[in-house]
Amino acid sequence: MSLQPFSPLIGRKVRTRLLDDNNFYETVITDYNPVEGRHALVYGISTIKETWEWVNLAEISPEDIQ
């Protein structure tokens with residue numbers, strides 16, 4: 001049985017800036033895909049407005065993530 005690599009970032013809350021309106025929004029890192037090197041970011045977790053996206057955190061500019 002092989003185990004998926006674990007990301008210590010899973011469960012952390014971060015704020016990312018959206019380019020559409022230049023505002024920061026809170027998101028939760030909920031998953032990691034080691035094959036693609038991407039983390040799942042969930043916005044509005046557990047609400048009716050919940051959305052998510054897969055991103056490579058290394059591709060986000062430091063001034064666009066808190």
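1. Ground rules. Residues are numbered from 1 along each chain as its sequence is written. Because this is a predicted model, local features need pLDDT of at least 70 and side-chain atom pairs count only at pLDDT 80 or more, while totals for chains, interfaces and linings use all residues; side-chain values use heavy atoms, leaving out hydrogens and water.

2. The overall layout. You'll find 0 helices and 4 strands in the protein chain, in the order β-β-β-β from the N terminus. (Helices are DSSP runs of H or I with at least four residues, strands are runs of E with at least two, and numbering starts at the N terminus.) Along the principal axes, the C-alpha atoms fill a box of roughly 45 × 30 × 15 Å.

3. Start with E3. Strand E3 covers residues 38–43, and 5 of its 6 residues are buried, so it is largely enclosed by the rest of the structure. (Buried means under 20% relative accessible area, exposed over 50%, and partly exposed in between, using a 1.4 Å probe and protein chains only.) In the protein chain, buried residues make up 23% of the 66 residues.

4. Who pairs with E3? Strand E2 (residues 24–33) does, antiparallel, over 6 bridges; E4 also runs antiparallel to E3, joined by 5 bridges. (Two strands pair if DSSP finds at least two bridges between them.) Have a look at Ala-40 in E3: it is the bridge partner of Asp-31, and it also stands opposite Trp-54 in E4.

5. The turn. The hairpin of E2 and E3 has 4 residues between the strands, and Gly-37 there takes a positive phi near 70°.

6. The largest pocket. It holds about 170 Å³ of space. (On a 1 Å grid over the protein atoms alone, a pocket is an open set of points where a 1.4 Å probe fits, with protein on both sides within 12 Å along at least five of seven lines; lining residues have an atom within 4 Å of a point. Points are joined across faces, edges and corners, and the volume is the space filled by probe spheres set on them.)

7. What lines that pocket? Among the lining residues are Arg-17, Leu-41, Tyr-43, Glu-53 and Asp-64. Strands E1 (13–17), E3 and E4 (51–55) each supply at least two lining residues. By class, the lining has 6 nonpolar, 1 polar and 3 charged residues. (Ala, Val, Leu, Ile, Met, Phe, Trp, Tyr, Cys and Pro count as nonpolar; Asp, Glu, Lys and Arg as charged; the others, Gly among them, as polar.)
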